[in-house]
Structures are given as structure tokens and as C-alpha cells.
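Student: I have a structure open and want to go through some of its side chains. Can we start with the charged ones?

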Amino acid sequence: MKKVIFLLLLLVPSITFAYSTSATSAVLMDMDSNVVLYEKNAHNQRSVASISKIMTAIVAIESKDINDVVIVGDEIKKAYGSGVYITQGEEITLESLLYGLMLRSGNDASLAIAKYVGGNINDFVKMMNEKAVEIGMKDTVFNNPNGLDEAGGNLSTAYDMAILTSYAMKNDTYKKIVSTKKYTLKTNKNYYSWINKHKLLHRYNYITGGKTGFTDIAKRTLVT
């Protein structure tokens with residue numbers, strides 16, 4: 001990214017380029033240095049929907065062995081919206097749950113992950129908020145592991161989500177998962193084939209990963 005910016009300045013020194021976006025809030029950040037290159041209402045706190053799952057994923061990856069086998073419990077009965085349709089009693093690795101979380105935005109997967117990693121959903125959410133403080137997300141409050149609007153939803157800013165993604169993308173396991181276009185697996189109960197919902201990953205060669213989101217309150221959200 002730094003080389004591209006340098007070449008633009010070198011080749012057209014007399015021209016000023018202006019970025020613009022129709023988004024309510026946005027930030028363009030250099031992922032290596034966290035230098036902000038463009039911002040629009042970058043510190044406005046708002047509901048962020050399923051891009052919250054970036055935090056769910058990185059907390060799980062840092063807390064447990066992703067090869068652990070998780071037995072899905074009745075926590076998934078509370079899931080609604082987007083899902084990967086795992087079932088109670090199903091045996092599935094934490095790694096596979098993370099693929100379901102990030103490729104298909106599985107709200108059921110988020111609850112299974114939170115229960116396994118945190119012992120219960122509330123304690124996992126505490127872990128999410130502790131990590132947010134640790135990495136400098138000053139305007140972020142997580143209330144659930146999936147980004148749904150329940151309990152006030154998850155509130156953050158474009159800037160904080162960029163800080164989170166910059167942090168997460170330095171983890172090789174996370175980076176591998178979010179860059180995956182298709183993932184298949186077989187469990188004791190089912191066979192799955194998941195295509196990544198992040199359309200830019202399929203259409204633009206330079207995309208290395210990210211996460212999409214949508215709720216009625218948050219509207220469409222994107223980190224890439």
C-alpha cells in the first residue's frame with residue numbers, strides 16, 4: 001500500500017485526489033502502521049452488525065486450540081438470522097466453527113464458539129470487551145458474540161473496527177480463515193460446503209479477507 005501511494009505522488013505531483021464514499025462513516029487505514037489515510041465520521045459510534053464477529057474469531061483463536069472438538073449444545077436454540085445450521089449434539093472442531101462464523105456469518109456458530117471458549121455467553125462477551133480495551137478500541141462495547149441488535153447490539157466505530165482488523169490480520173490462523181473462498185467439512189451428523197459471503201474476495205485479486213454485516217438498525221457494514 002505504501003508503494004502505491006508513493007508512485008501516485010511521484011507520477012502526478014500536481015494533481016490532488018479526493019476520496020469519497022456514500023457510507024455514513026468510513027476509514028481507510030494502512031494496516032502495517034495504523035496510519036489513517038482517509039476518514040469520514042470515523043469515530044462516530046454506531047451498531048456494527050456482524051463485523052463484530054471479527055472479535056469473536058480472534059478471541060477464540062487466541063484462547064483455545066482450534067483443533068479442539070466442540071460438542072454443540074442447546075445454546076444454538078437462541079440463534080436466529082444467518083446460520084450454518086449446526087445441530088445440538090454435533091461434534092465439530094473449533095476451527096470449522098470459525099469458518100462457519102466468518103465465511104457464512106453463522107449466528108449459531110457464534111453461540112457455540114462463545115459457549116465453548118467462555119464457558120457461557122456472558123463471560124465470553126466480557127473477554128471480547130477486555131480484548132477491545134487491550135488493543136485500543138476506545139469507543140466499542142460488545143453485548144453479544146454475533147452483532148445482532150439484541151441487548152442494544154454491538155457498538156463501535158469505523159476507526160475501532162479498523163484497529164481490530166489490523167490486529168486480527170497479524171494472526172496467521174485468522175488471516176487464513178478470512179481469505180478462504182470455500183470450505184467443506186463432514187461431521188458426525190452432516191456434510192457442509194460453505195462459500196464466503198464476502199463478494200470482493202471473489203471479484204478482486206488484491207482482497208485478503210474481511211467481513212460483511214447487516215441488521216435493520218446497523219444497515220450494511222463492511223471491513224475489508
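Student: Is Lys131 buried or exposed?
Tutor: This is a predicted model, and in it Lys131 counts as buried, because its relative accessibility is 10% and the cut-off for buried is under 20%.

Student: Which residues does Lys131 form salt bridges with?
Tutor: Glu62 is one partner, with the closest N and O atoms 2.8 Å apart. That pair links distant parts of the chain, since Glu62 is in helix α2 and Lys131 in helix α5, 69 residues apart. Glu134 is another partner, at 3.1 Å between the closest N and O atoms. Glu134 and Lys131 are both in helix α5, three residues apart, or about one turn of the helix. Through shared partners, Glu62, Lys131 and Glu134 are joined into one network.

Student: Change of topic. What does the largest nonpolar core look like, and which residues have the most contacts inside it?
Tutor: It has 50 residues, and those with the most contacts inside it are Ile54, Met55, Ile86, Leu98, Met102, Met137 and Tyr174. Elements giving two or more residues to it include α2, α3, α5 and β8.

Student: What is Ile86 in contact with?
Tutor: Beyond its neighbours within four places in sequence, Ile86 contacts Val72, Ile76, Ile92, Leu97, Asp108, Ala109, Ala112 and Tyr192.

Student: Leu97 is in α3. How many residues of α3 are buried?
Tutor: Nine of the eleven, so α3 is largely enclosed by the rest of the structure. Besides Leu97, the buried ones include Leu98, Gly100 and Met102. Just after α3, Ser105 takes a positive phi of about 55 degrees.

Student: One more, Thr215. Where is it, and what does its side chain pair with?
Tutor: Thr215 is in strand β9, residues 211-215, and it counts as buried at 7% relative accessibility. Its side chain makes a polar contact of 3.1 Å with the side chain of Asp149. A polar atom of the Thr215 side chain also lies 2.9 Å from the backbone nitrogen of Ala218.

Notes: Residues are numbered from 1 along each chain as its sequence is written. This is a predicted model: local features need pLDDT of at least 70, side-chain atom pairs count only at pLDDT 80 or more; totals for chains, interfaces and linings use all residues. Side-chain values use heavy atoms; hydrogens and water are left out. A nonpolar core is a set of buried Ala, Val, Leu, Ile, Met, Phe, Trp, Tyr and Cys residues joined through side-chain atoms within 4.5 Å. Buried means under 20% relative accessible area, exposed over 50%, partly exposed in between (1.4 Å probe, protein chains only). Helices (H or I, at least four residues) and strands (E, at least two) are DSSP runs, numbered from the N terminus. Contact means heavy atoms within 4.5 Å. A polar contact is a pair of N or O atoms within 3.5 Å; within protein, one must be able to donate a hydrogen and the other to accept it, and residues adjacent in sequence count only if both atoms are side-chain atoms. A salt bridge is a side-chain nitrogen of Lys or Arg within 4 Å of a carboxyl oxygen of Asp or Glu.
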